[in-house]
Amino acid sequence: MYQHQNFRPTKAIIELENIQYNIKQLREHLHPATEIIAVVKANAYGHGDLQVANAALQAGASMLAVATPEEALHLREFIKEAPILILGATPVYFATFAAQYDISLTVFSLDWVNEVAKQAVNFKKPLKLHIKIDSGMGRIGVRKKTELTALYNAIDANEHFLIDGIFTHFATADEEDSTQYNEQLATFVSFVESLPKKPRLVHAANTAATLNKEDVQFDAVRFGISMYGLAPSPYVDKHLPFSLKPALSLESELVHVKKIEQGDKVSYGGNYVATKEEWIGTMPIGYADGLLRGLAGQEVLIQGNRVPIIGRICMDQCMIKLPYEMSVGEKVILIGQQQQQEIQMKEWSDRLQTIVYEIPCMLTSRIPRIYK
Ligand SMILES: *Cc1c(COP(=O)(O)O)cnc(C)c1O
């Protein structure tokens, strides 16, 4: 396999074993008949779609889920057998490709079904569809039972379509308060029960519902964030039914080390001013890699010490304050463990006032993913 060489020492290390560990933990937790749908959208939350998909299938997942046609086709090019579901809306003209490449689509519009039906005579294999119910998320999906009946009947009547599943998505499963969650669940159950025949795969739970709520497993769960070893929310983190192992660590190296004197300035704007003699290290990672400027002040690990990023983060580089003189080439951990210390993605998301999901997704393609 072609592998280009990485010259720049900034890299994300992905431990596929940890992804498999998280899936195996989930497997133990689930009812034996419940299938695991591995959610590998957005390049597997930045971890690498093919590598994660293959590892997940090996560890017990039976289906892959993505968000877009492009993501599905990229997987299908290399993964021939496993079912792939696109969770988002797809354009009508993609349906022919979906049928040809055995990609299951999400459906929630009768107009869409009628338009696709016009090209369906050319399908060599039936197009697999999962009906989406909007039980309260307010994103995509059927909101009325009459709509569901009409949609179901239109699909069922066409030999070029196959109803393979029905699903919904929860808006608040990661919270302690179950009010909206319970309403959504009741709505979904009554919609499913209104069908003349239960589709093969009824699924509702994302990670948070799988780990945080009872009795929502149905035929399958959609396992995303915690497959990567991250908790969906601080609340779920405190109530995890099993331990998780984060799969991604981010590291770099010092490319320059210098001593500065009192009054010397560091980086754009000259805002950082040394109050005394200091050792400063420069790292080749910046906001174009996903180390956003809002992360100035965030600590990194070097020789087991926690030290801060100082001054403004540049596009490709940033500076850290060293506790003492160190050599060029010294390893720096931005996310992950070193000696007794650990920096979790949660620290970054807290600093950026966002959710942990954003952190691996924002590491750009300039950072090579290295697999262990
Ligand atoms: C992204 C997504 C998931 C996975 O969510 P996690 O919180 O990462 O488990 C599941 N279902 C749908 C419809 C999604 O869009």
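A residue counts as buried under 20% relative accessible area, as exposed over 50%, and as partly exposed in between. Keep in mind that you are looking at a predicted model.

**Exercise 1. Which domains does the domain assignment give, and what separates their centres?**

Step 1. Look up the assignment: domain 1 runs over 16–230 and domain 2 over 248–343.
Step 2. Take the centres over C-alpha atoms; 42 Å separate domain 1 from domain 2.

**Exercise 2. Which residues does the UniProt annotation "active site" cover, and do they gather at one spot or lie apart?**

Step 1. Go to the record: the annotation, from an unreviewed UniProt entry, covers Lys41 and Tyr268.

**Exercise 3. Is Tyr268 buried or exposed, and what does Tyr268 touch?**

Step 1. Find Tyr268 in the loop between strand E12 (265–266) and strand E13 (272–273).
Step 2. Tyr268 has 58% relative accessibility. The cut-off for exposed is over 50%, so Tyr268 counts as exposed.
Step 3. Skip residues up to four places away in sequence, and Tyr268 touches Arg312 and Cys314.

**Exercise 4. How many residues of strand E5 are buried, and which way do they point?**

Step 1. Count along E5 (residues 103–107): 5 of the 5 residues are buried, so this strand is largely enclosed by the rest of the structure.
Step 2. Sort the side chains. Ile103, Leu105 and Val107 point one way, while Ser104 and Thr106 point the other way.

**Exercise 5. In which sense does E5 pair with E4 and with E6?**

Step 1. Start with strand E4 (residues 84–86), which pairs with E5 in the parallel sense over 3 bridges. Ile86 has Leu105 in E5 as its bridge partner.
Step 2. Trace the chain from E4 through helix H5 (residues 95–100) to E5: this β-α-β crossover is right-handed.
Step 3. Turn to strand E6 (residues 127–133), which pairs with E5 in the parallel sense over 3 bridges. Here Thr106 has His130 in E6 as its bridge partner.
Step 4. The chain gets from E5 to E6 through helix H6 (residues 110–119), in a right-handed β-α-β crossover.

Methods: Residues numbered from 1 in each chain as written. Predicted model: local features only at pLDDT ≥ 70, side-chain atom pairs only at ≥ 80, totals over all residues. Heavy atoms only, no water. Domains from an automatic or database assignment. UniProt positions renumbered as here; feature names shortened; annotations may be inferred. Helix = DSSP H or I, 4+ residues; strand = E, 2+ residues; numbered from the N terminus. Buried < 20%, exposed > 50% of the residue type's maximum accessible area, 1.4 Å probe, protein only. Contact = heavy atoms within 4.5 Å. Pairing = 2+ DSSP bridges. Right-handed = clockwise from strand over helix to strand, strands pointing away.
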